[in-house]
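Please look through the model below with these notes beside you.

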Amino acid sequence: MATAPLKAVSLTHVRYQRGDQLGHFLAWVSLVPVFISLGGFLSHFIFRRELQGMFFALGLLISQFINEFIKTSVQQARPETCALLEMCDSHGWPSSHSQYMFFFAIYFTLLSYKGIGLWGTESKWIMNLLAWSLALLTMYSRVYLGYHSVAQVFAGATLGMFLGALWFWVVNSVLFCYFPAIEESQFGRKFYIKDTSHISNVLKFEYDNARAAREKLDCKCD
């Protein structure tokens, strides 16, 4: 009885040429979307539960569904170099990695310019530079490693920036009005869902309030 061919879980399965140090580095860079999703947004929900972060993650999820719909509709093959990787049984246009990272970069930048985030304005340019650098490196890695053509990664980047800007407008011009209602809902109160968009430097705000609470506790202990 013939057995069905095996298929690997491609979430973290990235191949590169043995001995290629740049390829090794770019293989790790190619996993940045996984790190952002699991290490970033999952931990963000567990420890912070900010509405802006939740809708940011929701936008990325919607973007990926749109990417899969387009790939299935267009059905453009990946480049011939991908055949050597034995991981190219899916379509290639547009690149989901590029779309994810450029959605992330444009949305993160727009949040910063609107004054929303954990950091003060003096350090936001550093975080924006990091976001765009990772986006460009991820796009380059997909071509260098042979998973996509140049046209496919540029299509993903363009679509990602468009969807990221559009979703930012939807969240902060339409859905933002419902944030107070979500905070006051039974779900919001049960899971401590909050919005700190009105606080310019959330880390400093939390730091100052934590110190103030500690000082009150110290006074009771004396």
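1. Helix H1 (21–29) and helix H5 (121–144) each supply at least two residues of a nonpolar patch, where helices are DSSP runs of H or I with at least four residues, numbered from the N terminus. The patch is made by Leu22, Phe25, Leu137, Tyr140 and Tyr144 and covers about 440 Å² of surface, and H5 gives the most to it, with three residues. Patches are made of residues with over 30% relative accessible area and no salt bridge, with nonpolar side chains (Val, Leu, Ile, Met, Phe, Trp, Tyr) joined within 5 Å and like charges within 9 Å. A salt bridge is a side-chain nitrogen of Lys or Arg within 4 Å of a carboxyl oxygen of Asp or Glu, and accessible areas come from the Shrake-Rupley method with a 1.4 Å probe, with only the protein chains shown counting as cover for residues.

2. Please keep in mind that this is a predicted model, in which local features need pLDDT of at least 70 and side-chain atom pairs count only at pLDDT 80 or more, while totals for chains, interfaces and linings use all residues. Residues are numbered from 1 along each chain as its sequence is written, and side-chain values use heavy atoms, with hydrogens and water left out.

3. Phenylalanine 25, one of the patch residues, is found in helix H1. Why does phenylalanine 25 count as partly exposed? Phenylalanine 25 does so because its relative accessibility is 45%, given that buried means under 20% relative accessible area, exposed over 50%, and partly exposed in between (1.4 Å probe, protein chains only).

4. The unreviewed UniProt entry carries the annotation "transmembrane region" for residues 25–47, 100–119, 125–145 and 157–181; such positions are given in the numbering used here, feature names are shortened, and annotations may be inferred rather than shown by experiment. In the model, residues 125–145 are 95% helix and 0% strand (strands being DSSP runs of E with at least two residues), and their end C-alpha atoms are 30 Å apart. Residues 157–181 are 80% helix and 0% strand, with end C-alpha atoms 34 Å apart.

5. How many aromatic pairs are there? The count comes to eleven, under a rule by which rings of Phe, Tyr and Trp (its six-membered ring) pair if their centres lie within 6.5 Å, with planes under 30 degrees apart called stacked, over 60 edge-to-face and the rest tilted. Phenylalanine 56 and phenylalanine 104 form a stacked pair, 5.4 Å centre to centre with 20° between the planes. This pair links helix H3 (residues 51–74), which holds phenylalanine 56, to helix H4 (residues 96–113), which holds phenylalanine 104, across 48 residues of the chain, and both phenylalanines are buried.

6. Tyrosine 107 and phenylalanine 168 form an edge-to-face pair, at 5.3 Å centre to centre and 80° between the planes. Tyrosine 107 belongs to helix H4 and phenylalanine 168 to helix H6 (residues 150–173), 61 residues apart, and both residues are buried. One aromatic cluster is formed by Phe56, Phe103, Phe104, Tyr107, Phe108 and Phe168.

7. Leucine 110 is also found in helix H4 and counts as partly exposed because its relative accessibility is 27%. Leucine 110 and alanine 165 are 55 residues apart in sequence, yet their C-alpha atoms are 7.8 Å apart in space.
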